[in-house]
Amino acid sequence: MDYFIEGTLNINNTVIEKAAIKRLEVFQKIGRPARLVLLEYSPQWALTVNQDQQDSVVGLFDHIQKAEGFTGQKLTLNGLDARLGYYDRTPLSKARTVDYTDGDRLVARVHVIPGGAVDTVTYVGAAEQTLETDRYDARGFLSRRQFWYGGRRTHEEYLSPAGTLQMEVSFNDDGKEIGLIRLIEPDQHFFSMRALIEAYVQQELGEASALVCDRRNYDWLLASWPAQQRFQRLYNSAPTAAVPEAVPLARKSMPTLPAAVVIDEYRGEAQRVVDGWRQVLVSEGERGDGRNR
Amino acid sequence: MFYFIGNVFRSEITGIESAQLKRMHLFNEFNEPAKIVSTGRTDDQTASARKFGLNEENYINEFDFLCEVPFAYAKRVTLDSLGFAARHRISYHDDHITRYADGQQLFAQVAVDDRGQVEKVRYYDDHNRCRIEEEYDPRGFLAVRAYRDAGLKLTSQVYLTPQGKERLRFLYTQQPTLRLASVQVTRRDGRAIALQGIYDLHRYFFDELNKTTPHNVFIVDRTRRNEWGIENMKTRAFRLFHMHSVHAVNLVADPASRDLNFNYRQPLNNLDQWNGAIVLTDQQMADVKLNFPAAKLIKVPAVVIPPERLSAPRVPLAARIPGKIIVVARIDRLKRLKELVQIVKLIHDRQSNVTLDIWGLTRDKQYREELLALIAQLHLEEVVKLPGFTRDLSAAYDHAQLSILTSRMEGTILALAEAQSHGVPVVSYDFKYGPREFIIPGQNGEIVPIDDRRAAAAQALRMLGSKQVWEHYSTGCYAESPRYSADQVFTYWQTVKDKAAAFYQGK
């Protein structure tokens with residue numbers, strides 16, 4: 001299996017993520033089973049991938065949240081009323097927000113994305129300080145609850161589509177550094193996102209035929225994930241740190257990196273992209289000692 | 001339905017909870033539906049309630065109600081059932097604590113009780129700081145999950161059903177100071193309610209409870225915790241607060257004192273939010289009326305002498321311990337027990353067989369130490385004993401000859417009427433309220449001015465020193481006790497019931 005290592009997919013996908021989605025089609029055309037792997041929390045990914053490609057997207061958080069293969073409908077404001085219906089709802093503002101109020105007291109502020117799906121619900125205290133931010137998955141379920149204390153994020157809870165707690169994350173004083181990641185079932189714990197990702201890759205994905213890494217913040221994974229071939233997708237510049245045994249992939253030839261293979265996945269003609277990948281990918285029969293050529 | 005609103009039961013109870021229990025028995029006797037309702041939560045509240053004879057039929061706790069916990073829920077949760085040992089190394093183990101680690105890193109610590117039932121599970125971060133603590137209800141389910149920040153400050157708590165569904169979430173803030181910022185209720189139907197703190201939660205609970213039965217009467221026995229919630233209920237209910245104690249301080253010197261007892265300040269200042277208040281004696285009613293002429297007051301004695309007590313054989317002097325004085329009072333500065341010891345010293349100086357037993361739980365440990373020091377100073381170690389708390393005082397009363405009360409104030413003093421029902425005459429300071437309700441001077445006891453130790457000692461010596469005198473007073477005690485029989489006291493409650501009925505009929 002080939003894997004494309006990505007962070008997140010959302011409604012503001014850049015050309016990099018859009019190219020990664022298109023790459024799924026390319027690999028399908030050349031007979032390479034491939035999966036796009038999401039390693040960051042991605043509650044909107046289902047909005048950005050065609051229905052017929054959705055089986056080709058796997059994600060760390062979907063796996064933990066037992067949401068793999070889940071297909072639900074978006075949650076609308078009318079649907080949210082089932083939870084917040086005791087309160088008055090203001091009309092949708094230009095900023096795509098609505099407020100739920102109890103008289104003059106703000107209870108929660110809701111952000112709605114284009115298309116009408118509820119994205120976030122922020123609950124506030126008496127002085128309107130943020131206490132909790134709930135994130136809804138585009139498939140219509142409450143997916144993550146973030147809790148705030150004195151303006152700092154202190155912990156998060158990740159839920160299954162059925163609403164059961166699957167993972168909780170405690171943060172350190174800066175609200176960013178992770179102190180503890182606890183999986184509920186099975187009971188496991190980690191102290192960094194990197195350790196969690198490594199365990200996921202090792203336990204759930206295994207050795208790859210080809211790996212393509214589009215973002216530099218996952219080059220460490222590209223280097224450590226057992227694979228027959230590794231590709232480091234570059235955008236406009238050469239990487240600051242090369243990944244051993246990884247083939248650099250560039251949009252166009254780079255004088256500073258003559259070894260880079262050129263495939264323009266962003267603007268290139270479709271057939272040329274297919275041919276480009278066909279040329280660089282090693283087929284099963286061609287594999288030798290398991291190393292890149 | 002009558003709801004008697006109080007605090008959670010602990011292993012030892014005070015006079016207010018005792019009054020609630022007796023009232024419950026009274027209502028049961030007259031087939032009048034009633035339940036004791038407690039707000040708040042403690043680990044042992046169900047076991048304690050059970051110890052005092054409460055059950056799912058007559059007791060409701062706020063957190064059990066909101067988290068759908070059956071009173072009788074029982075399940076074993078043990079180290080084995082948690083299953084940590086299959087995935088983690090045991091790094092420490094004794095009878096109560098087991099720690100699990102992965103490599104050298106502490107993963108979790110589990111505490112169990114003497115039965116092996118899991119009490120707490122703590123999860124640690126990479127700096128061995130407990131960031132998540134799970135508290136198990138003794139009945140066998142994960143009840144509360146608490147989260148702490150890196151500085152170990154409590155940031156939130158989640159209260160769960162036995163099936164693991166979230167029902168309450170307490171969110172804390174440190175702006176401007178550490179406090180509860182919000183309580184989120186997740187109802188069974190999935191709806192969320194954002195409450196503004198613990199009192200708002202009590203209010204929500206009372207409203208939800210009020211929906212479960214029609215035409216309810218809320219009798220608030222513990223006002224401080226519950227007054228705001230009752231006053232701000234959004235559903236229609238008949239609401240009374242019960243003044244178990246004096247409504248103001250310094251009433252002896254100034255019956256019109258406006259220095260209100262903090263327990264009743266809120267309801268007395270918001271009388272329009274209540275359908276009235278229950279007072280215990282005529283004297284209390286008169287004093288409250290001095291400052292609150294518009295208050296709707298209903299007198300209901302807190303004392304009920306059970307029929308088995310009224311029909312019990314009278315205990316003659318010969319069957320009692322000569323010179324035995326009994327006092328039933330918690331060890332608390334308010335009870336002024338040092339004053340009592342000084343009086344006993346005066347009596348003992350004249351009658352050497354006198355002994356005093358002070359029965360009651362210790363509320364104020366420092367005061368207990370002071371009391372013991374005084375007893376030692378007066379060389380009364382063999383005379384004055386503090387046996388502690390017991391649920392059944394019948395034998396103690398039946399062995400006693402006399403009781404002495406030295407308070408400066410009480411709401412009503414149950415122990416006074418209880419002593420009299422056992423044929424024990426009472427010598428009491430003239431405090432508010434109780435002595436003038438229960439003591440008929442010359443018949444079943446004597447009232448002396450507050451702080452007049454010599455007068456109290458003289459009356460005690462008079463009763464203890466003459467068989468004829470003692471028998472006169474003891475007979476008077478037995479004879480007057482039926483004034484507080486169940487039939488008599490329930491007629492007062494019938495008045496409350498009639499007023500509630502009129503309220504619901506819109507009269």
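In the predicted model, the centres of domain 1 and domain 2 of chain A, taken over C-alpha atoms, are separated by 30 Å. Domain 1 of chain A covers 2-71 + 195-286 and domain 2 covers 77-190, with bounds that come from an automatic or database domain assignment. Between them, 16 residues of domain 1 are in contact with 17 residues of domain 2 (contact: C-beta atoms, placed from the backbone, within 7 Å). On the domain 1 side, two or more residues each come from α2 (45-48), α3 (60-64) and α5 (193-205) of chain A; helices (H or I, at least four residues) and strands (E, at least two) are DSSP runs, numbered from the N terminus. The largest share of this side, 3 residues, is that of α5(A). This side divides into 12 nonpolar, 3 polar and 1 charged residues (nonpolar: Ala, Val, Leu, Ile, Met, Phe, Trp, Tyr, Cys and Pro; charged: Asp, Glu, Lys and Arg; polar: the others, Gly among them).

The contact between chains A and B takes 29 residues from chain A and 27 residues from chain B. Elements of chain A that give two or more residues to it include α4 (77-84), β8 (130-136) and β9 (142-149). The chain A side consists of 13 nonpolar, 10 polar and 6 charged residues.

The largest nonpolar core has 204 residues, and A:I5, A:L211 and B:I404 are among those with the most contacts inside it. Such a core is a set of buried Ala, Val, Leu, Ile, Met, Phe, Trp, Tyr and Cys residues joined through C-beta atoms within 7 Å (buried: 20 or more other C-beta atoms within 10 Å of the residue's own).

Residues are numbered from 1 along each chain as its sequence is written, and chains are lettered from A and ligands numbered from 1 in the order in which they are written. As the model is predicted, local features need pLDDT of at least 70 and side-chain atom pairs count only at pLDDT 80 or more, while totals for chains, interfaces and linings use all residues.

Note on methods:
Two residues are in contact if their C-beta atoms, placed from the backbone, lie within 7 Å. A residue is buried if 20 or more other C-beta atoms lie within 10 Å of its own, exposed if 12 or fewer, and partly exposed in between; C-beta atoms are placed from the backbone.
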